[in-house]
Amino acid sequence: MAIANNSVLDLTGQRRRARLLLCAGLVLGVVLLTFGVARAQKRGNDDATFRKLIDDYCVAWSTGNTDNAAKFYAQDNDLIFYDVTPFSYRGWKEYVPGVHKALLDSAAEVKLTAGKDLKVTGSGNVAWTTVPMHFYEKTKDGKVMEADLRYTGIWEKRGSDWLLVHEHISAPMTGN
């Protein structure tokens with residue numbers, strides 16, 4: 001009889017452990033699922049946020065007015081921005097006259113459009129975006145220039161705003 005009672009107790013204890021493990025597994029599954037959904041929602045929100053930023057950035061540059069584009073840039077003097085021409089600018093104060101001289105002063109019309117393949121990667125208050133872009137310019141003397149560009153922007157969240165602290169714009173070499 002003692003053997004039978006021990007066997008019954010062993011089965012009851014095993015069932016309790018099995019239930020406990022099952023409950024722990026379910027709780028862990030729910031936590032992981034919740035984390036995964038939250039991460040996917042955050043990524044979706046980041047993608048939407050940066051899609052709007054990039055599209056608004058293109059609209060601002062398409063006006064040909066650097067004052068409209070200024071709100072997207074951190075104004076620190078030591079920041080480096082690489083453009084198609086010239087090689088680089090140090091800070092927004094250098095960017096403005098440089099881009100006017102290189103592109104905007106001779107333009108009758110400019111248009112910058114971002115492609116659909118926007119990629120957003122981030123960590124904390126820093127995010128980087130990559131996206132192909134297309135640049136169109138009609139000069140005051142009627143010449144048209146078009147170029148497909150590669151764009152990388154490094155954004156930093158300052159207060160409630162995402163601002164560019166570095167960007168790199170390049171064009172593929174001719175013939176490639």
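**Stop one: a bent helix**

Select H3 and centre on Gly-98, where the helix bends by about 25 degrees (the bend at a residue is the angle between axes fitted to the seven residues ending there and the seven starting there). Before going on, note that this is a predicted model, in which local features need pLDDT of at least 70 and side-chain atom pairs count only at pLDDT 80 or more, while totals for chains, interfaces and linings use all residues. Residues are numbered from 1 along each chain as its sequence is written, and side-chain values use heavy atoms, with hydrogens and water left out.

Helices (H or I, at least four residues) and strands (E, at least two) are DSSP runs, numbered from the N terminus. Now show the side chains of H3: Trp-92, Tyr-95, Val-99, Leu-103 and Leu-104 are among its buried residues, and Gly-98 is buried as well. Here buried means under 20% relative accessible area, exposed over 50%, and partly exposed in between, with a 1.4 Å probe and protein chains only.

How many salt bridges does a search of the whole structure find? There are five, counting a side-chain nitrogen of Lys or Arg within 4 Å of a carboxyl oxygen of Asp or Glu.

Select Arg-51 and Asp-55, whose side chains form a salt bridge at 3.1 Å, N to O. The two sit about one helical turn apart, because they are four residues apart in helix H1 (residues 2–62). Asp-55 is partly exposed at 32%, and Arg-51 is partly exposed at 22%.

Next, pick Lys-52 and Asp-56, which meet in a salt bridge of 2.8 Å, N to O. Asp-56 is partly exposed at 31%, whereas Lys-52 is exposed at 52%.

**Stop three: around Asp-141**

Move to Asp-141, which forms a salt bridge with Lys-143 at 3.9 Å between the closest N and O atoms. Both residues are exposed. Elsewhere, salt bridges that share partners join Asp-76, Glu-156 and Arg-158 into one network.

Finally, select Thr-139 in strand S5 (residues 126–139). Thr-139 is buried, with a relative accessible area of 15%. A polar contact of 2.3 Å links the side chains of Thr-139 and Asp-141 (a pair of N or O atoms within 3.5 Å; within protein, one must be able to donate a hydrogen and the other to accept it, and residues adjacent in sequence count only if both atoms are side-chain atoms).
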